[in-house]
Amino acid sequence: MARKPTVRTEFVLFDIVYEDGSQRSNRKVDASLLGGLDGDEPARTAIMDQDRAISEKSGVPPLKIATITRSSKK
């Protein structure tokens, strides 16, 4: 029997620089959130939500984001 095709979720990768100078690379954001009139601004909200979830699990307060840029493909 043939299988049903799986739903593929496309992601866009971002590099994050925090106000303390630390950097995180290749943070995934769902591509369906991006585009339109807001451009990449919804990525900031999605990454802040990810940081909040990580900080709740680790007990370390989240850092403030200084810049967000799309990761360059190598």
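## Ser71 and its partners

The side chains of Ser71 and Asn26 are joined by a polar contact of 3.3 Å (a pair of N or O atoms within 3.5 Å; within protein, one must be able to donate a hydrogen and the other to accept it, and residues adjacent in sequence count only if both atoms are side-chain atoms). This comes from a predicted model, where local features need pLDDT of at least 70 and side-chain atom pairs count only at pLDDT 80 or more, while totals for chains, interfaces and linings use all residues. Residues are numbered from 1 along each chain as its sequence is written, and side-chain values use heavy atoms, with hydrogens and water left out.

Ser71 sits in the segment after strand S3 (65–70); helices (H or I, at least four residues) and strands (E, at least two) are DSSP runs, numbered from the N terminus. Ser71 counts as buried, at 17% relative accessibility (buried is under 20% relative accessible area, exposed over 50%, partly exposed in between, with a 1.4 Å probe and protein chains only). Setting aside neighbours within four places in sequence, Ser71 is in contact with Leu13, Phe14, Asp15 and Asn26, contact being heavy atoms within 4.5 Å.

A polar atom of the Asp15 side chain lies 3.4 Å from the backbone nitrogen of Asn26.

If you skip residues up to four places away in sequence, Asp15 touches Gln23, Arg24, Ser25, Asn26, Thr67, Ile68, Thr69, Arg70 and Ser71.

## The nonpolar core

Which residues make up the largest nonpolar core? There are ten in all: Val12, Phe14, Ile16, Tyr18, Val29, Leu34, Ala43, Ala46, Ile47 and Ile65. S1 and H1 are the elements that give two or more residues to this core, and S1 has the largest share, with four. A nonpolar core here is a set of buried Ala, Val, Leu, Ile, Met, Phe, Trp, Tyr and Cys residues joined through side-chain atoms within 4.5 Å. In soluble globular proteins, nonpolar side chains tend to be buried together.

Val29, from strand S2, is buried with a relative accessible area of 2%. Beyond its neighbours within four places in sequence, Val29 is in contact with Glu10, Phe11, Val12, Phe14, Leu34, Ala43, Ala46 and Ile47. Ala43 touches Phe14, Val29 and Leu34, again not counting residues up to four places away.

Thr6 lies in the segment before S1 and is exposed, with a relative accessible area of 65%. Its C-alpha atom is separated by 26 Å from that of Ile47, 41 residues apart along the chain. For Arg3 and Val29, 26 residues apart, the C-alpha separation is 28 Å.

## The largest pocket

The largest pocket has a volume of about 180 Å³. On a 1 Å grid over the protein atoms alone, a pocket is an open set of points where a 1.4 Å probe fits, with protein on both sides within 12 Å along at least five of seven lines; lining residues have an atom within 4 Å of a point. Grid points are joined across faces, edges and corners, and the volume is the space filled by probe spheres set on them.

Its lining divides into six nonpolar, two polar and three charged residues (Ala, Val, Leu, Ile, Met, Phe, Trp, Tyr, Cys and Pro count as nonpolar, Asp, Glu, Lys and Arg as charged, the others, Gly among them, as polar). Helix H1 (41–58) and strand S2 (23–30) each supply at least two lining residues, and H1 gives the most, with four. Among the lining residues are Tyr18, Arg24, Asp51 and Pro62.
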